[in-house]
Amino acid sequence: MGIDRLSSGAWRVRVQVEGRRVAATFVTKREAEEWEVLTRAKAITTGLPGRMTVAEYASRWIEGYRNSPANTRRFHQVNLDHWILPHLGPRPAAEVTPTDITTLLNRVTDAVSASRADRVYRTLSVLFRSAEADDVITRTPTRAKRHRPRRQKTPHAVLERPAARAVLLQMRGWQRDTGLLQLSLGARFGEIAGLTPHDVDLRSGTITIRRRVSRGTVRATKNHRQRTLELPRSAVATCERLIRESCDAPPLPDLGDREHAATEFDRRWLIQTSTGRSACLTSFNRALHAACEAAGTPDLSSHGLRHTYVSWMIDEGHSADKIAFWIGDTPQTVRAVYAHMLEASSAPAAAAIDAALGDLA
């Protein structure tokens with residue numbers, strides 16, 4: 001026990017309290033010495049982090065969401081009640097290991113799905129990061145291993161251009177408008193749902209994606225950046241009609257990085273339901289599945305329309321960097337997720353070679 005310097009140059013401090021070892025690593029020796037004093041003091045005053053169970057800390061942590069949107073609090077509460085607390089609740093928070101996290105997520109995947117396990121992981125990650133910041137634990141167990149479940153096991157189905165047109169013709173109302181804009185912009189469903197009439201500039205023929213609607217809340221885009229895209233001519237008429245139907249709805253205030261309940265801004269959206277609410281993902285996917293069945297095309301979800309857009313752009317020979325900006329992602333993600341499309345589309349390269357060398361034969 002004590003303080004020693006590692007080969008990396010960092011300082012490691014180890015303390016034994018009540019027969020249990022507690023260790024942490026710091027950049028400077030002074031930080032290590034201060035942590036050692038603090039840890040020993042907490043042990044004397046019965047405040048040693050290891051004595052608080054996951055259930056005890058979770059009850060304090062969830063109260064921090066009292067003023068958050070109801071859907072956010074309910075999301076975490078369901079994951080706690082159904083999965084986390086039954087398996088980890090009685091355990092001291094400081095004793096939960098990365099293997100415990102992996103075991104729990106495997107159980108959720110086997111019992112329900114990888115998608116549900118991914119949601120449980122999100123709550124676990126936020127919970128233990130907060131516990132680390134509150135000095136309840138010295139290191140979050142969700143950071144030591146790559147726990148996040150991989151939900152996409154096979155490539156998404158994509159539609160050819162005639163098939164996509166046939167699917168849109170089978171849809172009606174706001175569902176068709178949403179599908180058209182998704183295929184026109186390659187944006188996420190939440191980004192389409194978060195558009196307002198003030199995000200469309202018909203004079204310049206552009207549309208700006210500033211926010212997204214997700215699980216009943218309005219928040220920043222996934223990468224916290226806005227992007228302005230050229231509006232395809234096929235979507236101009238639809239946007240003109242939607243702006244006319246909005247009846248000069250006031251613009252949304254600057255939301256910053258805060259989350260707000262989407263219902264606060266009813267009847268301000270570019271695409272809205274009959275009740276004035278933003279587009280609903282469940283209802284849209286249901287209509288999309290029915291349209292695919294009626295048109296005799298491969299079945300796909302809203303995210304499949306995004307993949308369809310990317311496949312079309314790859315067929316046109318656009319680079320991963322351009323596509324990444326258009327869809328609001330990184331070039332690395334485009335190359336990783338859509339690698340099978342990039343590898344399969346060498347036609348633009350062949351056409352360029354033919355144009356350069358075709359007359360040599």
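This is a predicted model: local features need pLDDT of at least 70, side-chain atom pairs count only at pLDDT 80 or more; totals for chains, interfaces and linings use all residues.
Two residues are in contact when heavy atoms of one lie within 4.5 Å of heavy atoms of the other, and a residue is called buried when its relative accessible area is under 20%.

**Helix H10 and what covers it**

Just after H10 comes Gly296, which takes a positive phi of about 70°.

In soluble globular proteins, nonpolar side chains tend to be buried together. The largest nonpolar core of this model has 51 residues, and those with the most contacts inside it are Leu181 and Ile271. At least two residues of this core are supplied by each of H6, H7, H8, strand E5 (206-209), helix H9 (233-245), H10, H11 and helix H12 (320-327), while H11 gives the most, with six residues. If neighbours within four places in sequence are left aside, Leu181 is in contact with Gly186, Ile192, Leu195, Ala235, Cys239, Leu270 and Ile271. There is also a second, separate core of 26 residues, which includes Tyr57, Trp61, Leu104 and Ala117.

**Helices H6 and H7 as a pair**

The axes of H6 and H7 are 9 Å apart, and the two helices pack at an angle of about 160°. Since angles over 145 degrees count as roughly antiparallel, H6 and H7 are therefore described as roughly antiparallel to each other. Where the two helices meet, Ala164, Leu168 and Leu169 come from H6, and Arg176, Gly179, Leu180 and Leu183 come from H7.

**Helix H12**

In helix H12 the buried residues are Ala320, Ile323, Ala324 and Ile327. They cover an arc of only 105° around the axis, and so they are placed on the same side of H12. These buried residues pack against strand E8 (227-230), H11 and helix H13 (331-337). H12 is followed by Gly328, whose phi is positive, near 75°.

**Positive phi in a loop, and a buried strand residue**

Cys247 lies in the loop between H9 and strand E9 (260-261), and Asp248 is found in the loop between H9 and E9. The table sets out their values.

| Residue | Phi | Relative accessible area |
|---|---|---|
| Cys247 | near 55° | 63% |
| Asp248 | near 55° | 75% |

Cys247 has a positive phi although it is a residue other than glycine, and Asp248 likewise has a positive phi in a residue other than glycine. Because exposed means over 50% relative accessible area, Cys247 at 63% counts as exposed, and Asp248 at 75% is exposed as well.

Val15, by contrast, is part of strand E2 (residues 11-17) and is buried, with a relative accessible area of 0%. Val15 and Val37 are 22 residues apart in sequence, and their C-alpha atoms are 9.6 Å apart in space.

Notes:
Residues are numbered from 1 along each chain as its sequence is written. Side-chain values use heavy atoms; hydrogens and water are left out. Helices (H or I, at least four residues) and strands (E, at least two) are DSSP runs, numbered from the N terminus. A nonpolar core is a set of buried Ala, Val, Leu, Ile, Met, Phe, Trp, Tyr and Cys residues joined through side-chain atoms within 4.5 Å. Buried means under 20% relative accessible area, exposed over 50%, partly exposed in between (1.4 Å probe, protein chains only). Axes are lines fitted to C-alpha atoms, for helices over the stretch in contact, and angles run from 0 to 180 degrees between N-to-C directions. Angles under 35 degrees count as roughly parallel, over 145 as roughly antiparallel, 65 to 115 as roughly perpendicular and the rest as oblique. The arc is that of the directions from the helix axis to the C-beta atoms.
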